[in-house]
Protein chains: 2
Amino acid sequence: VEDEAPFGPLIWKRGALLLLDQTLLPGEVKWRSCATAEDVAQAIAERRVRGATAVAIAAAYGVALAARQRVGEAGSARLMQNAVEEAVEKMRRATPASSHVFMALAQVRDAARVSVETADAFMVADAVEARARAVHAEDVARCQRLGSAGAELIADGATVLTLGNYGALATGGWGTSLGVLRSAWRSCRRARVIVCESRPLLDGARLTAWELERDGFDVTVIPDGAAHGLLQRREVSMVLLGADRVSGDGDVVGELGGYGVALAAAAAAVPVVVAAIAACIDPAMSLDVGAVSPAVLRAAATPPFGVPERVALRCPGGDVIPGALIGAIVTERGVHRPPWPTSLRS
Amino acid sequence: VEDEAPFGPLIWKRGALLLLDQTLLPGEVKWRSCATAEDVAQAIAERRVRGATAVAIAAAYGVALAARQRVGEAGSARLMQNAVEEAVEKMRRATPASSHVFMALAQVRDAARVSVETADAFMVADAVEARARAVHAEDVARCQRLGSAGAELIADGATVLTLGNYGALATGGWGTSLGVLRSAWRSCRRARVIVCESRPLLDGARLTAWELERDGFDVTVIPDGAAHGLLQRREVSMVLLGADRVSGDGDVVGELGGYGVALAAAAAAVPVVVAAIAACIDPAMSLDVGAVSPAVLRAAATPPFGVPERVALRCPGGDVIPGALIGAIVTERGVHRPPWPTSLRS
């Protein structure tokens, strides 16, 4: 990614990966330098980089760093290919399973499969690094195409309610739902943004508010429980959500709270727009949302607002919004509208 | 209130008022002794006692303390009556306006209006103190009548979702919505309770979880945004909410988040029950919910989950749930059912 690239949470710089430490936001803006694949794996485990796409790109760069580390000892192209295969397996194990990660790792593994007759270890490592950078650049370009497609749905002066963080910080840069707002702004359609704080991890209050404020947006943070009343009082003109997965029927798995917001939007006849890269659409997907671990919840419920020690904590990992509540799904291919089964196939 | 009285946040003990400091819960259980009306006013201002009914009882005790302070100097019954009137005005100014406070203060003021021919200052002070204790005891008895009426709606083994704190801590003891659960338990109908953490002030996570756990309930705390998905997946058999005010049409003003939860309950055909003392029902009431002050919000958004400095925070003071989404309203007079205009008048 070039210097003029839009802001994102990963920078590849002279053979090292700089990661914006998202655990310290919004209080501290600190870039963490990863010189080895192990550094990257640790940063992923500690959630210093988060968001399925950003994690996938980090994993691809991790493989490139592993190749670079081994280039002196590996000698031949074939040995380097083996080293790359090992690194791919290592990053896969170090990373939460997602189709984004599988695809990104498949790409860097394939890049290493050059002809072992004509190439040496350096050439293989170069090819892997180039492919990791391409995975990153392609994601930014894809988000920008998605943003341009979605921008037409944003009226100038709209008040847009959003949840969680599906922004530059969750991707290579630009973002999906927040990318739509950025693209709209670039075409002079400025939205006021209301963001739910998005418990338990407060990705809305900490990350979305930070990255939108950084770009000059008018942002207001509300508690999650306030969203429905704002919709009821018609103080929101559009709900714009990101997605982790989309079924063939337009059912959307995404940030916790999305279902309640979509219900309130439907009751108020406010349109719900979902932004997701096309690879998130999977006709065969499960709608399982998993769960946030009790340890993560306990840590999120810090003093002075602690929960009594003996009380159980529980949190699903996300929400499922039925396709019937969604007005449009935007991907890099364009704006999809119901009926979903036909629309999402195109 | 006698020793065998149920647990509550206020104890009158040898001419002093002990208040459970709710700002320290759940981490620390500390009773604060108020020897003067000024102590009580300060505790109210600092939200150490909260909940409209608990605050009203504290204000009545504040007047009793003021009368006791002046009993030596006041001399005559008439001078003491003047002192009581002054103290009532002072407590009224020190207390957020609510019908509960107006009624409680009117009661202690009326108690001072004994015959000045036959009474002395001590007798007036005694009458005021007795009335303050009666205001307290009557509230507990009212909550227990409400609880008994509502208990019939709780099936043994039910999973009940609740919001905020309308419990013992918000009243003289027992509570309204949580009083229903206590009364049900006493008649051997035990509910599992899921409580929304209830941002911004976390009254659910901090207070409701604490007081229910103290009484042996099976309690689970969830983030506010998780409630709708639990209802969608039919993991909740009943929604039980408290109320600040109820209109003649059954519209309910209560804790933030109640509207979204009621919408999700309606979509899942899960009944919504509201508990409120009959004095909360006001055919002429406004549905204005006010707002939480930005300073309170900023304080509630503590590090490490801070919101960026330049980002606006906003929070309505509560939610309005349309009567059409509510299945039953329980008061100390019994269980009311739609149609509301006729039902709530009886």
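**Group meeting: the A–B interface and some local geometry**

Let me begin with a loop: Pro200(A) sits between strand 5 (192-196) and helix 7 of chain A. Helices here are DSSP runs of H or I with at least four residues, strands are runs of E with at least two, and both are numbered from the N terminus. The peptide bond between Arg199(A) and Pro200(A) is cis, with omega about 5°.

Before going on, the conventions. This is a predicted model, in which local features need pLDDT of at least 70 and side-chain atom pairs count only at pLDDT 80 or more, while totals for chains, interfaces and linings use all residues. Residues are numbered from 1 along each chain as its sequence is written, chains are lettered from A and ligands numbered from 1 in the order in which they are written, and side-chain values use heavy atoms, with hydrogens and water left out.

Back to Arg199(A). Which residue forms a salt bridge with Arg199(A)? The partner is Glu197(B), and the closest N and O atoms are 2.5 Å apart. A salt bridge here means a side-chain nitrogen of Lys or Arg within 4 Å of a carboxyl oxygen of Asp or Glu. The rule finds six of them across the interface of chain A and chain B. Across that interface there are also 16 residue pairs in polar contact, both residues being at pLDDT 80 or more. Polar contact means a pair of N or O atoms within 3.5 Å; within protein, one must be able to donate a hydrogen and the other to accept it, and residues adjacent in sequence count only if both atoms are side-chain atoms.

On the side of chain A that touches chain B, the elements giving two or more residues include helix 7 (203-214), strand 6 (218-222) and helix 9 (258-267). The residues of that side divide into 32 nonpolar, nine polar and nine charged.

As for extent, 50 residues of chain A contact 49 residues of chain B, with contact meaning heavy atoms within 4.5 Å. The buried area is about 4200 Å², and carbon and sulfur atoms give 63% of it. That area is the accessible area (1.4 Å probe) that the two parts lose on being put together, summed over both.

Strand 6 of chain A and strand 11 (residues 312-313) of chain B run parallel and are joined by two bridges; DSSP must find at least two bridges for a pair to count. Thr220(A) stands opposite Ala312(B) there.

How are the two copies related? A rotation of 180° with 0.0 Å of shift along its axis superposes chain A on chain B, RMSD 0.0 Å. That is the relation of a two-fold axis.

Within chain B, an open sheet of three strands has the order 8-9-12, with antiparallel pairing. Its edge strands are strand 8 (245-246) and strand 12 (319-321). Strand 9 (residues 252-254) is joined to strand 12 by three bridges, and Val253(B) has Val320(B) as its bridge partner.

Pro338(A) to Pro339(A) is a cis peptide bond, omega near 0°. Arg47(A), in the loop between helix 1 (37-45) and helix 2 (52-74), has a positive phi, near 55°.

Key
Ala, Val, Leu, Ile, Met, Phe, Trp, Tyr, Cys and Pro count as nonpolar, Asp, Glu, Lys and Arg as charged, and the others, Gly among them, as polar. Copies are superposed by least squares on the C-alpha atoms of residues with pLDDT of at least 70 in both.
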